[in-house]
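Hi everyone, thanks for coming.

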Amino acid sequence: MENRKANIIAILVVIFLITVLLVARFSLKLSNHFYLICGADIAAILAVVTVVIVRQRFHTRRKLLESRILSEGRELRIEYSFLRKVAGVPTKFQFKELDKATDGFKSLLGKGASGSVFKGVLNDGTAVAVKRIEGGGEQGEKEFKSEVSAIASIQHVNLVRLVGYCKGPSKGPRYLVYEFFPKGSLDNWIFCKKVGSSSGPHQPHGCLSWNLRYRIALDVAKALSYLHHDCRSCILHLDIKPENILLDADFRALVSDFGLSRLKGKEESRIVTNIRGTRGYLAPEWLLENGVSEKCDVYSFGMVLLEIIGGRRNIVAIEQGHDKKSKKRFSYFPKIVNEKFRDMKLMEVVDQRLVDNGDIDERQLTRMVCVALWCIQEIPRLRPSMNIVVEMLEGRVAVHDPPDTQMLVVDLLSINDDESGIVEDGTPRFGPKAKRKNDVEFSVSAYSITLSGYSGR
Ligand SMILES: Nc1ncnc2c1ncn2[C@@H]1O[C@H](COP(=O)(O)OP(=O)(O)OP(=O)(O)O)[C@@H](O)[C@H]1O
């Protein structure tokens, strides 16, 4: 545009100079004055033409250079985004991209303490799960940063990959984009689905076979072993529970949700943290605020193993009829399993649905129970490390009988009254003779922890 304007001015100047020349020719005839004006005029015309030609050439070269830089930039951008993909680096999304992918956040997959998860499809057809972290405050920001920094740079077949993230407007919700897993989370496949649970309306569910349960346990153990032992720093997940174990189309397990994760230097024995994981899976030393270490993940893993075996939550309230005044009773599954293990009646703690199908490998069952009881030892140093747990589950090392733990520290606050262990027909969901004989009774006023005799080391 600017160039065109300059050309028009140059043409007007040349026309003006030619007009001056003609006027001089007629008014001054062929006098000396005319030749003087003629010389100056022709020189001016030549100067204008030269300037125009030089400008034109300069302009053409600049355009050429610009287009070359532009195409090189585009190539670089393509190469950069390819490298990001290859390296598994998460993409930064615009809010409008996620809004479009989730069709305005319509299809709810599930809800957690920190936000909701929605199903979506990206422009390139990739199915994703978009987690909207509601808390715009410090906690939300912390969770967002933990998650992005913990899993952005690590890759393992049993860890969920973070596809991308979006910060949205300041103080508003933040978004994390994961691969979508069609089978949802493990809780839907081991516990009977409750009406009004936090799972989304379209969550698939069912009852997993023994073989799949065992393989899932091993997958999770491998993921934790990788986090604890094979990364540059030890990564503590700190929120291992069935809701954070996702299942792919072939029922391979992937550990997700790194919102509470922390890094621990290899030389540190434990770290102090003010965050809290999910009740029911917290190691005693964490409940007693003695700091956290990888042994907290080992404990939570042990609790999950027991839930996988029993197909029930570890702590459930037992229905007491209609008498509101009567003392509440609770069934503490780890204690039941411990007793049944000593009495060699392990089949009685297995999910009744599996017993009915009769597809349980009893050697695997004994091994899994032993591993679980080792993992939930109250003294952290007695718990095995996750790489040993993998070897135990794979049957590569012998599993000795676990010590008889007293289970002094019990987090009764984890009980959700809606989740009684009793299903529609009134029978508990675990083995036939377990029933109430083994239920542990706690006074609710002393609700949470029996401390005497626990040193926490
Ligand atoms: N990538 C995914 N693919 C399929 N379903 C998912 C995916 N991520 C989460 N979900 C579903 O959404 C539910 C809620 O996930 P979220 O991580 O928010 O919950 P949570 O782990 O129960 O809560 P919290 O954040 O309190 O630990 C999960 O239990 C799971 O059923």
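There are 22 residues around the ligand, and those that come nearest are A113, E179, S185, Q203 and N244; a residue counts here if one of its heavy atoms lies within 4 Å of the ligand. A word on the source: this is a predicted model, where local features need pLDDT of at least 70, side-chain atom pairs count only at pLDDT 80 or more, and totals for chains, interfaces and linings use all residues. Residues are numbered from 1 along each chain as its sequence is written, and side-chain values use heavy atoms, leaving out hydrogens and water.

Now the polar contacts, meaning pairs of N or O atoms within 3.5 Å. K241 has a polar side-chain atom 3.1 Å from a ligand oxygen, and for D257 that distance is also 3.1 Å. For D239, a side-chain N or O atom sits 3.2 Å from an oxygen of the ligand. On its own the ligand has 610 Å² of accessible area (Shrake-Rupley, 1.4 Å probe), and the protein covers 93% of that 610 Å².

Which element gives the largest share of the shell? That is β2, with three residues; strands here are DSSP E runs of at least two residues, and helices H or I runs of at least four, numbered from the N terminus. Domain 2 (91-179) and domain 3 (187-450), with bounds from an automatic or database assignment, both give residues to the shell, so the ligand lies between them.

Finally, an unreviewed UniProt entry lists residues 7-28 and 34-54 as "transmembrane region"; such annotations may be inferred rather than shown by experiment. In the model, residues 7-28 are 100% helix, with end C-alpha atoms 31 Å apart. Residues 34-54 are 100% helix too, and their end C-alpha atoms lie 30 Å apart.

Conventions
Polar contact = N/O pair within 3.5 Å; in protein donor to acceptor, adjacent residues only side chain to side chain.
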